[in-house]
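Hi,

Here is the two-chain model I promised to pass on.

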Amino acid sequence: MKELFPLKQVNGYIFSLLLTVVALSVYFFDMSFAMGLTILVVTAFIQAGVQLVVFMHAGESEDKGGIYVHTIYGVVLALLTILGSLLAMIWGYMF
Amino acid sequence: MKLDSKNLPLEYSTETNRMNILGFWIFLSAEIMLFATLFTSYFVYVDRGVGSGPAGAEIFELPPVLIETFLLLTSSFTIGLAVHAMRINRVKAMIGFMVVTLLLGAGFLSVEVYEFIHYYHIGATLQTSGFTATLLTTLGTHGAHVTLGLFWGIMIIIQILRNGLNARTANKSFIFSLYWHFLDVMWIFIFSFIYLKGMM
């Protein structure tokens, strides 16, 4: 039975539950918007990293380089699209 | 952790297998962009597109969202265990973990359906405002992915039961596990930046 529950994955699961609890603190405690958003950004990206490395085994095969480059490329494009649109349409900018 | 190149697991055993896995990672990058465009429209509309309809803080409820998060996180863990069981050649345990994963996924979907019915009853439909339209499209796209995953998972279980574990079925199972983990990652972003940010 024990060999079916590798320590690494069990730890990854417990860690992601903990991160969820930390993220929940923005709901239960009164804090500034900037503070709350910082907590959410940090916990969400660590969570994603845990999934990628512990559960999806991103770095195990010889295609490791291609996998990381492509995933990071996707994430960078996603951030550029989201933040760029917000900059152009919501936040505004001054010359 | 690196794979032992002399003794590769079944799902990497042929060149096609390896390429399938790399190709699926590339597909997942495209999926990241799909969700990025949905998040973009959501963030643009969340505060400015409310109109006369309800705002996020008025319609979001914590308990169903927490249940959904817990179910999906756990299912992501169990599909990881299924891949581990596959690698140590424990087919029965692997199928057991896959069944548990799909049950948790079905549980997630039922809570999401409840949530959508709730939104409908309080007048937050696809046509209400820019905010509700982008909210329901983003949640719905994720839910549609989970639904597809359920059918995909069932097909793979049937194939393993019929053909046993071989290079093909192991490869399909591994790719399915990548897909399922990816859905969990997307849910974490929905949970953080749609629900928690909206209720903050």
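Chain A splits into domain 1 (1-56) and domain 2 (61-95), with bounds taken from an automatic or database domain assignment. The centres of these two domains, taken over C-alpha atoms, are 22 Å apart.

Before you read on: this is a predicted model, so local features need pLDDT of at least 70 and side-chain atom pairs count only at pLDDT 80 or more, while totals for chains, interfaces and linings use all residues. Residues are numbered from 1 along each chain as its sequence is written, and chains are lettered from A and ligands numbered from 1 in the order in which they are written.

Now the contact between the chains. 42 residues of chain B are in contact with 41 of chain A (C-beta atoms, placed from the backbone, within 7 Å). On the chain B side, H1 (15-48), H3 (62-87) and H6 (167-199) each give two or more residues; helices here are DSSP runs of H or I, at least four residues, numbered from the N terminus. H1(B) gives the largest share, 14 residues.

H6(B) has a kink of about 30° centred on B:Phe191 (the angle between axes fitted to the seven residues ending there and the seven starting there). Of its 33 residues, 26 are buried, so H6(B) is largely enclosed by the rest of the structure (buried is 20 or more other C-beta atoms within 10 Å of a residue's own, exposed 12 or fewer, partly exposed in between, with C-beta atoms placed from the backbone).

Lastly, A:His57 has a positive phi, near 55°, and counts as buried with 21 C-beta neighbours inside 10 Å.

Cheers

Note on methods
Contact = placed C-beta atoms within 7 Å.
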